[in-house]
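Subject: Structure handover

Hello,

Here is the structure we talked about. Please open it alongside this note; my findings follow below.

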Amino acid sequence: MNIETLNHRLEAAKPSATYKIIDRVAERRGEGATIISLCAGEPDFDTPEHIRAAAINAINDGHTRYTQVAGLRALREAIARKYRCENGLAVEWNDTLVCSGGKQVIFNALAATLNEGDEVIIPAPYWVSYPEMVQLCGGESRVVACGAESGFKLTPQALAQSIGPNTRWLILNSPSNPTGAVYDQHELQGLAEVLLAHPQVLVLADDIYEHLIFDGRQFQTLAQVEPRLAARTLTMNGVSKAYAMTGWRIGFATGPRWLLEAMEKLQGQQTSGACSISQHAAIAALDGPKEFIAHSQKVFQRRRDFMVDLLNQIPGIRCQSPGGAFYAFADCTGLIGKRSQGGRELVDDEAVALALLEEANVAVVHGSAFGLAGYLRIAYALDDQSLRQACQAVGSFCENAR
Ligand code: PLP
């Protein structure tokens, strides 16, 4: 055996396509180029002051040791209150688990439950990490295409057709990364009816963008809409996007105790639990004032409006107005088959994204990275002036493509 032989599942995993672009952005910046990056998966705001203060106090008060593997009792109580008050779920502190980011919640859930041959239904476009995690955990992804005609959402018909004897999980993400699509109560009810007929299927509700929702929509999560599914739904969330705390690495979930216990067992051999200081900060976030959430909703909704408006004025680009998150998922098929001013053949969405980076100095991620070709994911987590400049640069790139 070669000394450099890796785990076969890891070897088969693809490096994240978003990191590939981000690395190229860093390279170009290193060469002195000024790049506007619309790739970021995080709010551009600072963590609110009272949350930062709670972390500093935690350090000064000596809360710097290991915590319980499943998380601090005080944080789990705050999480249970959050689920009761914001989501109408009957959750006690011991129905919760704290992990190092929402990402680890998902990974732990899959690693704790998947066996060879188990399938996970992933509606596409999807967050890039889902299929990779499924693969790393030994499962098979069953990707279900959900195009613009269904608002990039899974329909009950498509769900019914994709469930088979090996289906172990369905992953639902609303508001969605990369499309910003939001499932309403009626749509979730339709999916729930299909799921009720398949009692072997677990559901992962990835609610990480819950609070970034626009136009007065009421956020709904599956276990709330259909309480009969609560016993097999893992409702995942975290502080990353709602409180501009991506670097603090705190995610959490509620769900059936057998599953939470299995995830805790895994975590006990893996991280021993999330960072103690970040857990104290997360208590301050969940229990503290909520003005920040209202403010970021307002800012992102305004940016969405002007971005979608500007994008729809660009020849070759069409964009639906997303209901949440901070991503626009723009159709770029009007550019495919053309040649850029710099002489690049725009053969597909990836070629368009790369040409935009090299020639317009604007970084976006191609839709095929998220399982739907012909699109660009444009993250508008950036100040207004940069967003306007980026749209101008994309506009002149598109006008000059022949
Ligand atoms: N789920 C989705 C859809 C995401 O976009 C992200 C982050 O980009 C996560 C989960 C993970 O969030 P975190 O691990 O930062 O809590």
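Lys-82 is buried, at a relative accessible area of 7%. Note that this is a predicted model. Lys-82 pairs with Glu-86 in a salt bridge, with 2.8 Å from N to O. Both residues sit in helix α4, 4 residues apart, about one turn of the helix.

The salt bridges

A search of the whole structure finds 23 salt bridges. Two further pairs are worth a look.

Take Arg-24 and Glu-358. Their closest N and O atoms are 2.8 Å apart, in a salt bridge. Arg-24 belongs to helix α2 (residues 17-30) and Glu-358 to helix α13 (residues 349-360), so the pair ties together parts that are 334 residues apart in sequence. Arg-24 is partly exposed, with a relative accessible area of 22%. Glu-358 also counts as partly exposed, at 24%. The pair belongs to a network of salt bridges that links Arg-24, Glu-27, Arg-28, Glu-31 and Glu-358.

Next, Asp-384 and Arg-302. Their side chains form a salt bridge of 2.5 Å, N to O. This pair links distant parts of the chain, with Asp-384 in helix α14 (residues 384-400) and Arg-302 in helix α12, 82 residues apart. Asp-384 is partly exposed, with a relative accessible area of 22%. Arg-302 is partly exposed too, at 42%.

The two domains

How is the chain divided? The domain assignment gives domain 1 as 8-46 + 292-400 and domain 2 as 49-287. Their centres, taken over C-alpha atoms, are separated by 26 Å. Domain 1 brings 34 residues to the contact, and domain 2 brings 34 residues.

The size of an interface is often given as the accessible area lost when the parts come together. Here domain 1 and domain 2 bury about 3000 Å² between them. Carbon and sulfur atoms account for 59% of that area.

Polar links also cross the boundary. There are 16 residue pairs in polar contact between the domains, with both residues at pLDDT 80 or more. Helix α12 gives the most, with 7 residues. By class, that side of domain 1 has 18 nonpolar, 10 polar and 6 charged residues.

The count of salt bridges between domain 1 and domain 2 is 2. The side chains of Asp-215 and Arg-304 also meet in a salt bridge, at 2.8 Å from N to O.

Ser-296 lies in helix α12. Is Ser-296 buried or exposed? Ser-296 counts as buried, because its relative accessibility is 2% and the cut-off is under 20%. Leaving out residues up to four places away in sequence, Ser-296 touches Phe-45, Leu-212 and Ala-242. Gln-269 is 27 residues from Ser-296 along the chain, yet their C-alpha atoms are separated by 37 Å.

Tyr-183 is in the loop between β5 (167-173) and α8 (185-196). Tyr-183 counts as buried, at 5% relative accessibility. A polar atom of the Tyr-183 side chain lies 2.8 Å from the backbone nitrogen of Leu-154. Beyond four places in sequence, Tyr-183 touches Lys-153, Leu-154, Leu-172, Asn-173, Ser-174, Leu-188 and Leu-191. Ala-13 is 170 residues from Tyr-183 in sequence and 30 Å away in space, C-alpha to C-alpha.

Asp-95 sits in the loop between α4 (73-87) and β2 (96-99). Asp-95 is buried, with a relative accessible area of 12%. What does its side chain meet? A polar contact of 2.7 Å joins the side chains of Asp-95 and Arg-257. Besides Arg-257, and not counting residues up to four places away in sequence, Asp-95 touches Ala-90, Ala-253, Thr-254, Gly-255 and Leu-260.

Best wishes

Terms used. Residues are numbered from 1 along each chain as its sequence is written. This is a predicted model: local features need pLDDT of at least 70, side-chain atom pairs count only at pLDDT 80 or more; totals for chains, interfaces and linings use all residues. Side-chain values use heavy atoms; hydrogens and water are left out. Domain bounds come from an automatic or database domain assignment. Contact means heavy atoms within 4.5 Å. Buried area is the accessible area (1.4 Å probe) that two parts lose on being put together, summed over both. A salt bridge is a side-chain nitrogen of Lys or Arg within 4 Å of a carboxyl oxygen of Asp or Glu. A polar contact is a pair of N or O atoms within 3.5 Å; within protein, one must be able to donate a hydrogen and the other to accept it, and residues adjacent in sequence count only if both atoms are side-chain atoms. Helices (H or I, at least four residues) and strands (E, at least two) are DSSP runs, numbered from the N terminus. Ala, Val, Leu, Ile, Met, Phe, Trp, Tyr, Cys and Pro count as nonpolar, Asp, Glu, Lys and Arg as charged, and the others, Gly among them, as polar. Buried means under 20% relative accessible area, exposed over 50%, partly exposed in between (1.4 Å probe, protein chains only).
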